[in-house]
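Please walk through the model below, starting from a single loop residue and then turning to the sheet.

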Amino acid sequence: MATDVRVDVVVAAVRATPQASAGHRGSTPLTLDDAAVRRVIDGMVAGGALIRRGHRLRLPDHRPRLDPVMRERADRLLDGLREAGAAPPRVDGPAARLGITPAALDQLRRSGELVAVGSGIDYPADVWASIAARVDRLTQRGPLTVARLRDELRTSRRHAEAILVFRRAQRRRHRPRRRAG
């Protein structure tokens, strides 16, 4: 599900590719240095075979997705988390019972389907959007405390605290910077 890969990871993978056995058509050792591999990558970007954004590459038509079996498991996990509302269980246990690997969980987080707001607290993206909207509405009606949020969302103090910390961090990241001077 990874949408992009860092250029240096691609270069390292090319350099680490094992050579074919002697006498095989592909047995000629790779004689490109890292700079030459980077030039090949730049040529692929210029030709449209790759898309580059900063230090990251991706295929033009790549859309991250899970294989059908893992997709069905992930959907069951997300449905279970949706049912829990604002107080989902730690995601690791249900994911392990469903056969979802930690790597697949990381992919769900990177793709935005699962939003990690705190240690062991993950929400499906639609549930998080709803919670964030409720937090914004509550903020407009006065100071928001952990206790007030806990009561409004009918959740635990642990969840309310993580939601507030995460939401404040999001707001700081999206706030325009003031220029000095």
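Arg154 sits in the loop that joins α7, residues 146-153, to α8, residues 157-174. The model is a predicted one. Is Arg154 buried or exposed? Its relative accessibility is 73%, and because exposed means over 50%, Arg154 counts as exposed. The backbone of Arg154 has a phi near 55°, which is a positive value in a residue other than glycine.

Arg154 also belongs to a group on the surface. Together with Arg134, Arg137 and Arg141, Arg154 forms a positive surface patch. Membership of such a patch requires over 30% relative accessible area and no salt bridge. The 73% of Arg154 is therefore in keeping with the accessibility part of that requirement.

The sheet is the next topic. Strands of a sheet pair through backbone hydrogen bonds, in either a parallel or an antiparallel sense. In this model three strands make an open sheet, ordered β1-β3-β2, with antiparallel pairing. Which strands stand at the edges? They are β1, residues 5-6, and β2, residues 51-53. Each of these has a single partner strand, so one side of each is left without a neighbour in the sheet.

The pairing of β2 can be followed to the residue level. Strand β2 pairs with β3, residues 56-58, in the antiparallel sense, and three bridges connect the two. Within this pair, Ile51 stands opposite Arg58 of β3.

Notes
Residues are numbered from 1 along each chain as its sequence is written. This is a predicted model: local features need pLDDT of at least 70, side-chain atom pairs count only at pLDDT 80 or more; totals for chains, interfaces and linings use all residues. Side-chain values use heavy atoms; hydrogens and water are left out. Patches are made of residues with over 30% relative accessible area and no salt bridge: like charges are joined within 9 Å, nonpolar side chains (Val, Leu, Ile, Met, Phe, Trp, Tyr) within 5 Å. Accessible areas come from the Shrake-Rupley method with a 1.4 Å probe; for residues, only the protein chains shown count as cover. A salt bridge is a side-chain nitrogen of Lys or Arg within 4 Å of a carboxyl oxygen of Asp or Glu. Lys and Arg count as positive and Asp and Glu as negative; His and the chain ends are not counted. The place of a charge is taken as NZ of Lys, CZ of Arg, CG of Asp or CD of Glu. Helices (H or I, at least four residues) and strands (E, at least two) are DSSP runs, numbered from the N terminus. Buried means under 20% relative accessible area, exposed over 50%, partly exposed in between (1.4 Å probe, protein chains only). Two strands pair if DSSP finds at least two bridges between them.
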